Number of protein chains: 2
Amino acid sequence: MKSKAKPAAKTRIQSENQDLILKAALDVFSTYGYRGATVDQIASKCGLSKPNLLYYFRRKEDIYTAVLEHTLTEWLTPLRMLEVSNDPITELTHYIVAKLEMSQRNPAASRLFANEILHGAPHIKKFLNGPLKDLVEAKAAVIKDWITAGKIKPVDPHHFIFSIWAVTQHYADFAVQVEALMGPKLDPEKTQKAVLGILLNGLK
Amino acid sequence: MKSKAKPAAKTRIQSENQDLILKAALDVFSTYGYRGATVDQIASKCGLSKPNLLYYFRRKEDIYTAVLEHTLTEWLTPLRMLEVSNDPITELTHYIVAKLEMSQRNPAASRLFANEILHGAPHIKKFLNGPLKDLVEAKAAVIKDWITAGKIKPVDPHHFIFSIWAVTQHYADFAVQVEALMGPKLDPEKTQKAVLGILLNGLK
DNA sequence: ACGTGTCTTGACCATTTGATCAAGAATGAA
DNA sequence: TTCATTCTTGATCAAATGGTCAAGACACGT
């Protein structure tokens with residue numbers, strides 16, 4: 001008998017399959033929502049049988065929270081990179097571009113969060129009130145510093161951050177609508193330039 | 001036998017109950033999404049039995065599309081009011097304020113649409129490609145006129161409209177997040193002032 | 001009060017779906 | 001190879017849920 005007590009070390013097969021599952025689950029949950037997604041869908045999407053999937057995650061909700069947490073870190077990365085600097089516009093431009101590119105590269109993640117928050121954020125309330133709030137406060141302080149230093153025109157830092165989120169995520173969350181109204185032509189570079197102008201021109 | 005052939009005139013009880021149902025359904029669908037909502041929930045929320053509710057709307061989907069269409073008109077009203085005028089900033093201010101107030105007064109409607117579009121807009125594709133597209137084109141033309149007349153600085157009209165939608169609806173769709181980060185204090189007037197500044201200062 | 005058509009509901013059905021389990025197959029360290 | 005552990009799955013269950021139906025309650029014009 002192995003004396004593996006606590007850590008429950010991962011087998012090769014374990015990590016491979018959990019990875020498969022999380023990828024498929026992100027797809028399915030982001031498309032159909034938590035209630036709309038079925039374990040069968042996820043299972044067949046990653047080529048596992050349903051009981052096998054439930055061998056790795058005992059409950060549907062476990063899969064969901066795993067996907068959610070797995071994506072949270074990545075989600076915050078761009079905001080973390082916002083630092084005090086001599087050129088706020090450059091700094092904010094980087095942030096907005098990063099956010100926008102993330103929305104375009106991984107819209108499923110954006111929709112997963114949108115859906116979660118839209119329905120009251122039952123699984124990530126703690127995240128919102130804890131880590132996210134701390135991070136936002138820190139970054140709001142950075143923006144406030146820029147304002148008091150006279151480097152940008154006055155804005156409410158919190159509402160400005162919300163606006164950046166709203167606009168950038170809009171292109172992932174409402175992609176269907178954007179495509180319906182702009183046609184599939186939608187040039188990412190044009191979008192980027194337009195969004196940067198709209199959000200930043202008021203600060204100059 | 002009454003010779004009522006086509007119009008299927010509405011009884012008093014009919015219109016009363018349909019109204020009850022639509023109100024309750026908006027609440028339930030916007031909170032839990034289409035798949036997450038149950039007919040039982042809607043029925044008990046408006047004090048009707050499930051079979052009775054299904055007497056007025058034979059399928060769950062019928063209730064959903066009814067609520068959706070019932071809200072579409074109201075949803076477009078603010079955008080329709082955007083007219084050419086000598087003072088674009090005033091005009092846009094009115095629009096943004098109207099949008100923002102609608103988000104605050106009827107967040108359920110906003111969330112209903114957000115959820116529908118988030119999941120691919122299966123029920124309102126025609127609306128997006130038809131009436132909405134026409135309206136957006138018309139209003140984009142208005143904004144373009146302002147620009148060529150030199151009354152506001154250049155912006156991509158479509159992306160600007162998207163940004164207005166994104167930011168204003170954010171306060172309804174992501175209310176949980178906003179509250180978590182700002183506390184329940186959130187002053188609507190401050191929000192309004194901040195949003196107006198962020199969206200319009202760049203045009204002046 | 002009468003009677004027709006409208007409204008309401010308890011009981012019931014079929015399907016979907018999350019979850020379980022026992023038994024068998026594959027894996028990998030010795 | 002051996003064999004304990006890990007992995008896989010067909011069969012199955014219980015609960016939730018959309019929807020039906022026949023029978024009865026009610027509304028309302030006459």
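This is a predicted model: local features need pLDDT of at least 70, side-chain atom pairs count only at pLDDT 80 or more; totals for chains, interfaces and linings use all residues.
Let's start with the two chains. The contact between them draws 45 residues from chain A and 45 residues from chain B. Look at chain A's side of it. H1, helix H6 (107-118), helix H7 (125-148), H8, helix H9 (175-182) and helix H10 (188-200) each supply at least two residues there. Which helix gives the largest share? That is H8(A), with nine residues. By type, chain A's side that touches chain B splits into 22 nonpolar, 16 polar and seven charged residues.

Now H8 itself. Helix H8 (residues 157-173) of chain A packs against helix H8 (residues 157-173) of chain B. The angle is about 120°, and the axes are 8 Å apart. H8(A) and H8(B) are therefore oblique to each other. Their crossing is right-handed. Who makes the contact? From H8(A), we have A:Phe162, A:Ser163, A:Ala166, A:Val167 and A:His170. From H8(B), we have B:Phe162, B:Ser163, B:Ala166, B:Val167 and B:His170. That contact has six nonpolar residues, four polar and no charged.

On to the DNA. How many residues surround DNA strand D? There are 21. The closest are A:Thr11, A:Ser49, A:Pro51, B:Pro51 and B:Lys60.

Technical notes
Residues are numbered from 1 along each chain as its sequence is written. Chains are lettered from A and ligands numbered from 1 in the order in which they are written. A residue is near a molecule or strand if its C-beta atom, placed from the backbone, lies within 6 Å of it. Axes are lines fitted to C-alpha atoms, for helices over the stretch in contact, and angles run from 0 to 180 degrees between N-to-C directions. Helices (H or I, at least four residues) and strands (E, at least two) are DSSP runs, numbered from the N terminus. Angles under 35 degrees count as roughly parallel, over 145 as roughly antiparallel, 65 to 115 as roughly perpendicular and the rest as oblique. A crossing is left-handed if the near helix is turned anticlockwise from the far one by less than a right angle, and right-handed if clockwise. Two residues are in contact if their C-beta atoms, placed from the backbone, lie within 7 Å. Ala, Val, Leu, Ile, Met, Phe, Trp, Tyr, Cys and Pro count as nonpolar, Asp, Glu, Lys and Arg as charged, and the others, Gly among them, as polar.
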